[in-house]
Amino acid sequence: ENDNADAGKSRRIPMLGFAKAGKEGYFDEEGYPSGQGWDEIEFPAVTDQNAAGIFAIQVNGDSMLPLYRNGDFLIVSPRARIRRGDRIIVKTRDSEVMAKDLSRQAAGKISLKSLNPAFEDRTLPLDAIGWMARILWVSQ
């Protein structure tokens with residue numbers, strides 16, 4: 001079979017529920033999937049070249065409404081460049097995991113805008129951040 005035949009097809013990527021994402025043992029220090037307990041989902045148009053490090057987080061609950069709903073899959077990449085205005089997943093060194101918009105990144109701190117207006121925006125010192133990963137795609 002031709003290797004190019006796989007281009008544009010889907011492949012399986014690691015997936016973890018948001019509730020588990022804050023617990024220890026699921027990510028390495030750079031925010032890449034590690035350890036046991038990951039499920040997998042199909043994700044379209046991923047080649048071996050761009051698949052490295054891509055994973056999915058499943059939304060649990062309604063804390064990210066109206067943008068993301070319970071059951072949605074957020075496809076994220078720790079290696080993707082993050083710029084102001086990007087939607088990101090942030091894991092703090094205290095194991096809090098959140099999805100926010102990156103409002104500002106200044107010397108020594110970041111400002112995050114909540115996706116749900118019921119929750120406050122946050123400003124965190126950079127040394128409180130374990131890792132950040134950009135949300136590339138959402139399966140709704």
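Setting aside neighbours within four places in sequence, phenylalanine 18 is in contact (heavy atoms within 4.5 Å) with Ile57, Gln58, Asn60, Met64, Leu74, Ile89, Val97, Met98 and Ala99. The structure is a predicted model, in which local features need pLDDT of at least 70 and side-chain atom pairs count only at pLDDT 80 or more, while totals for chains, interfaces and linings use all residues. Residues are numbered from 1 along each chain as its sequence is written, and side-chain values use heavy atoms, with hydrogens and water left out.

A nonpolar core is a set of buried Ala, Val, Leu, Ile, Met, Phe, Trp, Tyr and Cys residues joined through side-chain atoms within 4.5 Å. Buried means under 20% relative accessible area, exposed over 50%, and partly exposed in between (1.4 Å probe, protein chains only). The largest core has 20 residues, and Phe18, Phe27, Met64, Leu74, Ile89 and Ala99 have the most contacts inside it. Two or more residues of this core come from each of H1, E3, E4, strand E6 (97–106) and E9; the largest share, 3 residues, belongs to E9. Helices (H or I, at least four residues) and strands (E, at least two) are DSSP runs, numbered from the N terminus.

## The sheet

Nine strands form an open sheet with mixed pairing, in the order E2-E1-E3-E4-E9-E5-E6-E7-E8. Two strands pair if DSSP finds at least two bridges between them. E2 and strand E8 (122–125) are the edge strands, each pairing on one side only.

E3 and strand E4 (residues 73–77) run antiparallel and are joined by 4 bridges. Within E4, valine 76 is the bridge partner of phenylalanine 55.

## Aromatic pairs

The whole structure contains 7 aromatic pairs. Rings of Phe, Tyr and Trp (its six-membered ring) pair if their centres lie within 6.5 Å; planes under 30 degrees apart count as stacked, over 60 as edge-to-face and the rest as tilted. The rings of tryptophan 38 and phenylalanine 55 are edge-to-face, because their centres are 5.6 Å apart and their planes stand at 80°. Tryptophan 38 lies in the loop between helix H1 (18–21) and strand E2 (39–43) and phenylalanine 55 in strand E3 (residues 55–58), so the pair ties together parts 17 residues apart in sequence. Both residues are buried.

The rings of phenylalanine 43 and tryptophan 137 are also edge-to-face, with centres 4.9 Å apart and planes at 70°. This pair links phenylalanine 43 in strand E2 to tryptophan 137 in strand E9 (residues 129–139), 94 residues apart. Phenylalanine 43 is buried at 8% relative accessibility, whereas tryptophan 137 is partly exposed at 37%.
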